[in-house]
Amino acid sequence: MEFFDCNCAYGVPMKPPLAPALTPDAIIAEMDLCGIGRALVRNLAVSDQTPEVGNPLTSHDLAGQDRLTPTWAILPPQTEELGTVEEFLRHMDEAGVRSLWAFPADHRYLLNTTTFGELFDEMVAREIPLFLPRQQTSGGLDAYATADAVLRDFPNLHLIIVGQGPWGEDRLFRPLMARFPNFGVDTSRYELDGGIAEVVKKYGPHRLYFGTNFPHTPMGGPMLTLLHAEITDEEREWVAGGNLRRLLGLQPLS
């Protein structure tokens with residue numbers, strides 16, 4: 001079983017955790033320690049500074065790293081800081097990037113149809129997933145309400161909320177799972193007793209994505225939670241890495 005972490009970052013954070021990962025090599029060292037095969041990775045400049053800086057920095061730093069898959073962040077296409085939608089998607093293709101993140105509160109924009117409708121149309125057509133951190137807000141809406149508004153207009157968009165609280169936020173995310181077939185959450189702090197098993201039983205194994213939120217939280221805890229969840233080995237393999245590999249069009253490394 002290959003663990004594929006969907007929520008991992010390196011670089012110099014504005015609010016450093018106890019042990020920040022300053023380089024990609026620091027992530028690899030932690031992955032080796034914990035037994036994680038691959039990770040979807042971004043430089044923290046993507047969120048703490050701007051995607052104009054963080055996106056190319058991520059791709060530059062991860063070039064040649066087979067176990068680390070780069071991911072980028074978005075900005076409103078109307079300002080053309082990242083180019084037009086057509087130019088941005090072409091740059092993604094050239095860089096081999098197949099997933100995007102949104103930080104609407106940090107970067108002061110509205111994550112909605114008016115701002116991103118053209119880009120979301122293309123993301124649905126190309127099956128590019130969008131990751132939205134739980135702590136982000138948009139126009140006074142929290143991440144779940146923002147996801148609900150976006151998915152009402154783009155119900156087939158692959159949208160994944162990452163970094164939920166440790167007590168489980170089932171009352172917030174289960175209605176979205178029930179209505180939207182491509183909505184999911186990561187498992188980084190989903191520590192509710194029996195929570196993973198209940199979600200898999202009710203919605204199947206394809207709505208959960210293994211994530212660690214490293215370096216803000218250690219990698220070992222989310223692995224322990226998933227390894228001890230009362231689900232089948234086949235279901236565990238989907239959550240551990242199969243869902244993310246399928247979403248990104250990747251095969252297991254070995």
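**The sheet and its surroundings**

Modeller: In strand E8, Val185 is the bridge partner of Ile161. The model is a predicted one. Strand E7, residues 159–162, and strand E8, residues 183–186, run parallel and are joined by 3 bridges. Both strands belong to an open sheet of 6 strands, whose order is E4-E5-E6-E7-E8-E9 and whose pairing is parallel. At its edges lie strand E4 (72–73) and strand E9 (208–209), each of which pairs on one side only. As background, the strands of a sheet pair through backbone hydrogen bonds, in either a parallel or an antiparallel manner.

Turning to a loop, Arg67 is placed between helix H3 (51–62) and strand E3 (68–70). Its relative accessible area is 23%, so Arg67 counts as partly exposed, a class that lies between the limits of 20% and 50%. The C-alpha atom of Arg67 is separated by 6.6 Å from that of Gly37, although the two residues are 30 residues apart along the chain.

On the surface, a patch of negative charge is formed where Glu80, Glu86, Glu87, Glu118 and Asp121 gather. Helix H4 (85–95) and helix H6 (113–126) are the elements that give two or more residues to this negative patch.

Conventions. Residues are numbered from 1 along each chain as its sequence is written. This is a predicted model: local features need pLDDT of at least 70, side-chain atom pairs count only at pLDDT 80 or more; totals for chains, interfaces and linings use all residues. Side-chain values use heavy atoms; hydrogens and water are left out. Patches are made of residues with over 30% relative accessible area and no salt bridge: like charges are joined within 9 Å, nonpolar side chains (Val, Leu, Ile, Met, Phe, Trp, Tyr) within 5 Å. Accessible areas come from the Shrake-Rupley method with a 1.4 Å probe; for residues, only the protein chains shown count as cover. A salt bridge is a side-chain nitrogen of Lys or Arg within 4 Å of a carboxyl oxygen of Asp or Glu. Lys and Arg count as positive and Asp and Glu as negative; His and the chain ends are not counted. The place of a charge is taken as NZ of Lys, CZ of Arg, CG of Asp or CD of Glu. Helices (H or I, at least four residues) and strands (E, at least two) are DSSP runs, numbered from the N terminus. Two strands pair if DSSP finds at least two bridges between them. Buried means under 20% relative accessible area, exposed over 50%, partly exposed in between (1.4 Å probe, protein chains only).
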